[in-house]
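Subject: Structure handover

Hello,

My notes on the core and the charged pairs follow below.

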Amino acid sequence: MSMLSAPHWRSVPVDAIVWREWDGELVVRNERSGSTHLLGPLAGAVLRVLLEAGAALSVPEIATRLGDPPNGTVDPALHAAVEEALSEFHRLGLAESEPEPR
């Protein structure tokens, strides 16, 4: 998938999420659905990036904020893990994708 067609992701509104962190894991309650989820360290970090972003972000932008080198070096494992977390967030109703504006 090219960068031009890559979706951008945003969390559900910040006021719809209540979360607490214990020992590197996040317990997240989605006030919209009433569901509670336990997120591991990477998924929790991805959700925090989305909650703090204020705008939709692409996978490379999220990975950069998580520490992926911004000099063009790409860690494919990190990008794949971020994509997996985003897919799960979409399934759980914690994040939404939108096409990149043209």
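This is a predicted model: local features need pLDDT of at least 70, side-chain atom pairs count only at pLDDT 80 or more; totals for chains, interfaces and linings use all residues.

**Salt bridges**

The whole structure holds 5 salt bridges. Three of them are described here, including the one made by E21.

E21 pairs with R48. Their closest N and O atoms are 3.6 Å apart. This pair links distant parts of the chain. E21 sits in strand β2 (residues 17-22), and R48 sits in helix α1. The two are 27 residues apart. R48 is also partly exposed, with a relative accessible area of 22%.

R10 forms a salt bridge with E98. Here the closest N and O atoms are 3.1 Å apart. Again, distant parts of the chain are linked. R10 belongs to strand β1 (residues 8-11) and E98 to strand β5 (residues 95-98). They lie 88 residues apart. R10 is partly exposed at 30% relative accessibility. E98 is partly exposed at 29%.

E88 and R91 form another salt bridge, with the closest N and O atoms 2.5 Å apart. Both residues lie in helix α3. They are 3 residues apart, about one turn of the helix. E88 is partly exposed at 33% relative accessibility. R91 reaches 60%, so R91 counts as exposed; the cut-off for that class is over 50%.

**Nonpolar core**

The largest nonpolar core has 25 residues. Which of its residues touch the most other members? They are I62, L86 and F89.

L86 has contacts with W9, V46, L50, V59 and I62. That list leaves out residues up to four places away in sequence.

**A buried histidine**

H37 is worth a look in the viewer. H37 lies in strand β4 (residues 35-39). Its relative accessibility is 13%, so H37 counts as buried; the cut-off is under 20%. What does H37 touch, not counting residues up to four places away in sequence? The contacts are L26, V27, V28, L92 and L94.

Best wishes

Definitions and conventions
Residues are numbered from 1 along each chain as its sequence is written. Side-chain values use heavy atoms; hydrogens and water are left out. A nonpolar core is a set of buried Ala, Val, Leu, Ile, Met, Phe, Trp, Tyr and Cys residues joined through side-chain atoms within 4.5 Å. Buried means under 20% relative accessible area, exposed over 50%, partly exposed in between (1.4 Å probe, protein chains only). Contact means heavy atoms within 4.5 Å. Helices (H or I, at least four residues) and strands (E, at least two) are DSSP runs, numbered from the N terminus. A salt bridge is a side-chain nitrogen of Lys or Arg within 4 Å of a carboxyl oxygen of Asp or Glu.
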